[in-house]
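Welcome! Take a look at the model first.

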Amino acid sequence: MDVLRILIVDDEPGLRMGAARALRDFQVSLPDGGGEVGFVLDEADSAEAAAARMAAERPQIMLLDHRLPGMSGTDFLDKLGLEINGDLLVIMITAYASLETAVAAAKRGAYDLLAKPFTPEELRGMVRKAAIRVMLQRQARKLAEEKRRVRFEFVRVLAHELKSPLGAIEGYLNICVSPEVRVSEEKRREMIARSIERLAGMRQLITDLLDLTRIESGEKKRELVAVDLAAVAREAVENVLPQAAARGITVNLDCPAPLEVRADRGELAIIVNNLVSNAVKYNRDGGRVDARIRRTPEGVEIAVADTGIGMTAEEAGRLFKEFSRIRNARTSGIDGSGLGLSIVRKLAELYRGEASVRSVPGEGSTFTVLLREVSPPGAGGKP
Amino acid sequence: MSKAKILVVDDDPDVVEQVSLVLDSGGYEVVSAGGVEEAEQALLSFRPDAAVLDLMMEQQDSGFVLCHEIKRLYPDTPVILLTSVKAATGMSFEPASAEQAGWVKAEKILDKPVRPEQLLREVEAQLVRTGKLSHPAGKGH
C-alpha cells in the first residue's frame, strides 16, 4: 500500500486534533483497481514550524490555514513557490471563503480550498480527491520515464546497428587506399561487393525503420481492398529464389489460388516477404522452406517452416521485439536489420492477429502469422 | 625464418576478413576464428606468435576472457585487443597504469576502426619485442 504524508498547518490545536481524528485510519481506494492509499499525519502550528517539518520529511498533501500567526498561509504559499507544482498539493483552509481568497490561493498554486468549519466527511472527501490526484501524477511521471528509457534504448541500439556497416565499409576502403597492403584485383572486387552488400543492409534498416515508424504513428495510409494473397505469396517466393538457389535451398508454396482477402496489399507483402526471406537466410545450405497459407475458422494463417539453425525457447521469447536479433556463433555471418519480425508482429496486430514461432535448435523453425480480420469482400463477415 | 602465425578472433566476419587481409599482405600466416569457442579449439592445436582479438564478442568482456586463456596457455604470446569503446563512448581505453596493465593482460589495445598501417606496425612491434621477428624488413617479402 502506498502511504502519503499529510501536513496540517493550523494554529488552533482543536482543529489539528479534529483533522487528525478524521483522517486516522482513513484509506482511499484508487480508481481502476489502483490499490489503496493510506496516510501518515504531521502537524505544525505556524508557517515557520511547517517549514521545519517539511525540511525533515516531505509531505505530499498540505492542509494550510489561511490565517496563521507570523507568516500568513498565503505568504507561505508564495515562499513554497515552485515546490507546489512538484509532488505537493496544498489545500487552503479558510474561514473567509470569499472569491478573493480563492483567487489569491489558486494564483499561488493551491490545489483547492476548504471552508471552515468543515465536517470530518468534507475533510475526507477533499483528502480523497487530493490523494487520487497525487497518485495519478506519480503514475504519469513513471510512465513518461519508462517511455524515455525505452526510447533511449531504441536509439542506442539503432545507432549501433547503423554504425556497424559504416565501420565495415570504412575498413574495406582503408585497405583499398593503404599503400602498405597489397591485395589481388579479385580480392579488391570482393571487398567492394561486400561493401555494397553492407550498404544495402543499411538501406534496408532505414526502410524498415520508416515502415515501423509509420505503422506506430498510425500515419501509414492503409488501403483495404480485395487482394489475392496467393499472388502476394508467389511474388515473395520469387523474390528469394536467387538467394535460395545459390545455397541449394528449395522453396515450396502451398496455397489455394486465388485466396482472396480484404487487406492492404503492401502490408501483406511485407509480412510474407519477411517470413520467407528469413526462412532462407537462417536456413542451412541444401535445406528447404515450406510456406503454407490457408483459411482457418479464425481467419487466414500464414505458416513458414525452415530447416535452419532454430533457436531455444528463451531466444524465441524475445524474437519479436525490436533489435532482438539472436546473436550467437550461428547467426554471426547473417545480416539483418533486427526490425523485420517486430514489423510483422505490429502489422499482424492491425488485422487483430498475432505472430508466433515454434522452433527446435538445430532443426528449424516455423513462423506462423494469424490474420483475423481479412474477410473477403462481399462475404458479409466482420468489418 | 618461417612466417609468424597470428590468431585473429572477431565475431564480425567483416573485421576478421579485413584484419586477415592486412596481416596476410604483411607476410604473416593468419588463423581466424569467429568466436571464443572456436578460438579456444584452435589454441589447442597451435601456438600463435601473436593474437588480435575483438574485445566485445558474445559477451562484453569476451576479449578479456580469451586473452586470459591465451596467456594461461602461452604466456609469451602478445595479445592486441581491438575495441569500439572509444567510438561508442568517446573515452579512450588504454592500460595506462601498471595496475590496469596487470588485470588487462593484453599488450596493446587499439580503437576500431584500425588503419592497416597501424595494425601492421603494432603486430610487428610485438613480434620484434618477443624475438619472433629479428628485423622488421625480413618478413618474407
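Two residues are in contact if their C-beta atoms, placed from the backbone, lie within 7 Å. Residues are numbered from 1 along each chain as its sequence is written, with chains lettered from A and ligands numbered from 1 in the order in which they are written. This is a predicted model: local features need pLDDT of at least 70, side-chain atom pairs count only at pLDDT 80 or more, and totals for chains, interfaces and linings use all residues.

**Exercise 1.** Describe the contact of chain A and chain B.

*Solution.* Start with the counts: chain B gives 19 residues and chain A gives 18 residues. Next, look for helices (DSSP runs of H or I, at least four residues) and strands (E, at least two), numbered from the N terminus. On the side of chain B that touches chain A, helices H1 (13-25), H2 (36-45) and H6 (116-129) of chain B each give two or more residues.

**Exercise 2.** Find the largest nonpolar core.

*Solution.* First, the terms. A residue is buried if 20 or more other C-beta atoms lie within 10 Å of its own. A nonpolar core is a set of buried Ala, Val, Leu, Ile, Met, Phe, Trp, Tyr and Cys residues joined through C-beta atoms within 7 Å. The largest has 44 residues, and Ile6(B), Leu53(B) and Leu81(B) have the most contacts inside it. H1(B) supplies the largest share of this core, six residues.

**Exercise 3.** How many helices and strands are in chain A?

*Solution.* Counting along chain A gives ten helices and 13 strands.

Technical notes: Buried ≥ 20, exposed ≤ 12 C-beta atoms within 10 Å, placed from the backbone.
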